[in-house]
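Student: I would like a close look at one part of this molecule, with its surroundings described as well. Please take it slowly and keep the account in one piece.

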Amino acid sequence: MITADLHVHSMASEDSETPVCEILSSAVNHHLRAIAVTDHVELVDFQKGAYDVAAEESWALLESAAVPHGLRVARGIELGEPCFDTALAARLLSAHPYDFVLASQHRLSDALPDYYFIDYSDWTHDAIVREMDAYFREVLRVVQWNGFDSLAHLTYPFRYLPSCWREGDYRPWQSVIDTVLGTLAENGKALEINTSGIRKGLGQTSPDLPLIRRFRELGGVCITVGSDAHRPDEIGADLAVAETLMREAGFSAYTVYFDRQPQSVSIDGID
Ligand SMILES: [Zn+2]
Ligand SMILES: [Zn+2]
């Protein structure tokens, strides 16, 4: 049984209003033993001066939180687009002794919006193939940068494509995906199974089973699981689905991080 949710947002994230104390009490109510608060720090927004407060606010909230007995709290960060400015990324990560760093790719360039805001309904097949190819190549740059612990929600833009693209057929990009997953495995980094798509209409995790299985085939060992909760009631959501996928892909343990160190936890509760 998975009892750790390593992707949760607090009110320090622009898109959440949840106080840290409510995150922690919800984690206890959901029988979790570990949780990571991973507020957004988007490099592109930070560069514009819009996010100067967020990273500091998130840290201050975590520092002042009263941690319930029996719950381990990782002080994390979801660092968006680190390769837009790797020097800034390094400076942000060195500002505090984070326990856990998620790396994300929410947009293709600093001149383009988050995939969330793009309407793909009238895009041609070829244009979508090219767009997703560019996405995976940008993710590969992040993986090669290697300054993080877990790669968040691989296939994120697929959430926003027309539904015919959600069948788990990644053949047009399999070569670059294999390089992404192989590099991740070789570097000993984690692949995140993000469960938010299940409750948001996508009907599956990001990534889904074919890519989780491929990560295993390419030597991947570390998996983190995250709900990407932005509200207290979403904390710990669908961890059982992630557990089923992990078993089907051949994983028997997931990974938690404290002080940036991976700790393997057996799905069956045997450490
Ligand atoms: Zn994200
Ligand atoms: Zn997130």
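Student: What does the accessible surface of the chain come to, and what share of it belongs to carbon and sulfur atoms? After that, please go to the metal site: which residues are the protein donors of the zinc ion (ligand 1)?

Tutor: The model is predicted. The accessible surface of the chain comes to about 11,400 Å², and carbon and sulfur atoms hold 50% of that area.

The chain contains nine helices and nine strands. Its radius of gyration is 17 Å, close to the 18 Å given by the globule rule for 271 residues, so the chain is as compact as a globular protein of that length. Along the principal axes, the C-alpha atoms fill a box of roughly 55 × 45 × 35 Å. Of the 271 residues, 58% are buried. Among contacts with a separation of 6 or more, 75% are between residues 24 or more positions apart. The side chains include 21 positive and 41 negative ones, and the centres of these two sets lie 4 Å apart.

Now the metal site. The zinc ion (ligand 1) has Glu78, His106 and His153 as its protein donors. Glu78 donates through OE, while both His106 and His153 donate through NE2. These donors lie 2.1 Å from the ion. Along the sequence, their spacing is E-x27-H-x46-H. Glu78 also bridges the zinc ion (ligand 1) and the zinc ion (ligand 2), and these two ions are 3.5 Å apart. Glu78 belongs to strand 3 (residues 72-80), whereas His106 is in the loop between strand 4 (100-104) and helix 5 (125-145), so this pair ties together parts that are 28 residues apart in sequence. Both Glu78 and His106 are buried.

Glu81 has a relative accessible area of 0%, and because buried means under 20%, it counts as buried. Its phi is positive, about 55°, although Glu81 is not a glycine. Most residues other than glycine have a negative phi. Arg260 is one of the residues with a positive phi too, of about 65°, and it is not a glycine either. Arg260 sits in the loop between strand 8 (253-258) and strand 9 (261-266). With a relative accessible area of 27%, Arg260 is partly exposed.

The backbone also has a feature at Ser206 and Pro207, which are joined by a cis peptide bond with omega about -5°. Most peptide bonds are trans. Pro207 is in the loop between helix 7 (196-199) and helix 8 (209-217).

Two helix residues complete the picture. Ser58, in helix 3 (residues 52-64), is buried at 5% relative accessibility. Leaving aside residues up to four places away in sequence, Ser58 touches Ala12 and Asp39. Val176, in helix 6 (residues 174-186), is buried with a relative accessible area of 5%. With the sequence neighbours up to four places away left out, Val176 touches Asp133, Phe136, Arg137 and Leu140. Between Val176 and Asn29 there are 41 Å in space, C-alpha to C-alpha, and in sequence the two are 147 residues apart.

Key. Residues are numbered from 1 along each chain as its sequence is written. Chains are lettered from A and ligands numbered from 1 in the order in which they are written. This is a predicted model: local features need pLDDT of at least 70, side-chain atom pairs count only at pLDDT 80 or more; totals for chains, interfaces and linings use all residues. Side-chain values use heavy atoms; hydrogens and water are left out. Donors are N, O and S atoms within 2.8 Å of the metal (3.2 Å for Na, K and Ca); water is not among the atoms, so sites may look incomplete. Helices (H or I, at least four residues) and strands (E, at least two) are DSSP runs, numbered from the N terminus. Buried means under 20% relative accessible area, exposed over 50%, partly exposed in between (1.4 Å probe, protein chains only). The radius of gyration is taken over C-alpha atoms; the globule rule is 2.2 Å times the number of residues to the power 0.38. Contact means heavy atoms within 4.5 Å. Accessible areas come from the Shrake-Rupley method with a 1.4 Å probe; for residues, only the protein chains shown count as cover. Lys and Arg count as positive and Asp and Glu as negative; His and the chain ends are not counted. The place of a charge is taken as NZ of Lys, CZ of Arg, CG of Asp or CD of Glu.
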